[in-house]
Amino acid sequence: MVIAVDFDGTIVEHKYPKIGKERTFAFETLKTLQKDGHVLILWTIRTGELLDEAIEYCKKNGIEFYAANKNYPEEIYDESISRKVNADIFIDDRNVGGFLGWGEIYQLINQDNPNNKNNYLNRLAQNEKKSFWSIFKNRS
Ligand SMILES: [Mg+2]
């Protein structure tokens, strides 16, 4: 999935235009999401130098975004016009219900993922049930 991630208030505590402290598990979760194969786009109101600072800060913490404030690295983006990036999911501290925390966000993203461990175990259990019933039916 393409996941757009806000910066201020989401990856770090909201201290705009300064950079706040990392929110608990932010970079750990982002790294795991990248390992899981998701494409991360930084989606922030920051532009110019403030945007560069945020990108640099994330890089130092092990996260390189596929693109920042655009859909792909080469896209020419007019920063004077605000519009929505084409992402499957947005992670933002202004969600309805407020910021969920990175642990819960990761769980929510993964509950529909077929590679998720619990989903995998459930599928195994389902298949076992199926094969049990097919053996049972073939007998009768
Ligand atoms: Mg924010």
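Predicted model: local features only at pLDDT ≥ 70, side-chain atom pairs only at ≥ 80, totals over all residues.
I take helices (H or I, at least four residues) and strands (E, at least two) as DSSP runs, numbered from the N terminus. By that count the protein chain has four helices and four strands. Residue numbers start from 1 along each chain as its sequence is written.

**Entry 1, overall layout.** I read the order of elements along the sequence as β-α-β-α-β-β-α-α. I then looked up the extent of the protein chain. Its C-alpha atoms fill a box of roughly 75 × 30 × 30 Å along the principal axes.

For burial I count other C-beta atoms, placed from the backbone, within 10 Å of a residue's own: 20 or more is buried, 12 or fewer is exposed, and in between is partly exposed. Of the 140 residues, 20% count as buried. For contacts I ask that two C-beta atoms, placed from the backbone, lie within 7 Å. Among contacts with a separation of 6 or more, 65% join residues 24 or more positions apart.

In what order do the four strands of the open sheet stand? I find 3-2-1-4, with parallel pairing. Strand 3 and strand 4 are at the edges with a single partner strand each, so one side of each has no neighbour in the sheet. Pairing here requires that DSSP finds at least two bridges between two strands. Strand 2 (residues 39–42) meets this with strand 3, in the parallel sense over two bridges. Ile 41 stands opposite Ala 67 in strand 3.

Which residues of helix 3 (residues 102–110) are buried? I list Trp 102, Ile 105 and Ile 109. They lie on the same side of helix 3 because they cover an arc of only 55° around the axis, the arc being that of the directions from the helix axis to the C-beta atoms. The buried residues pack against helix 1 (26–35) and strand 4 (89–91). On the face turned away from the buried side I find the exposed residues Gly 103, Glu 104 and Leu 108.

Helix 2 (residues 48–60) has 13 residues and reaches 19 Å from its first C-alpha to its last. This is close to the expected 18 Å, which is 1.5 Å times one less than the number of residues. Just after helix 2, Gly 62 takes a positive phi of about 90°.

I checked the loop between strand 1 (2–5) and helix 1, where Pro 17 is found. The peptide bond from Tyr 16 to Pro 17 is cis, with omega near 5°. Phe 25 lies in that loop between strand 1 and helix 1 too. Its phi is near 70°, a positive value in a residue other than glycine.

Asn 69 is not a glycine either, and its phi is positive, near 60°. Asn 69 is buried, with 20 other C-beta atoms within 10 Å.
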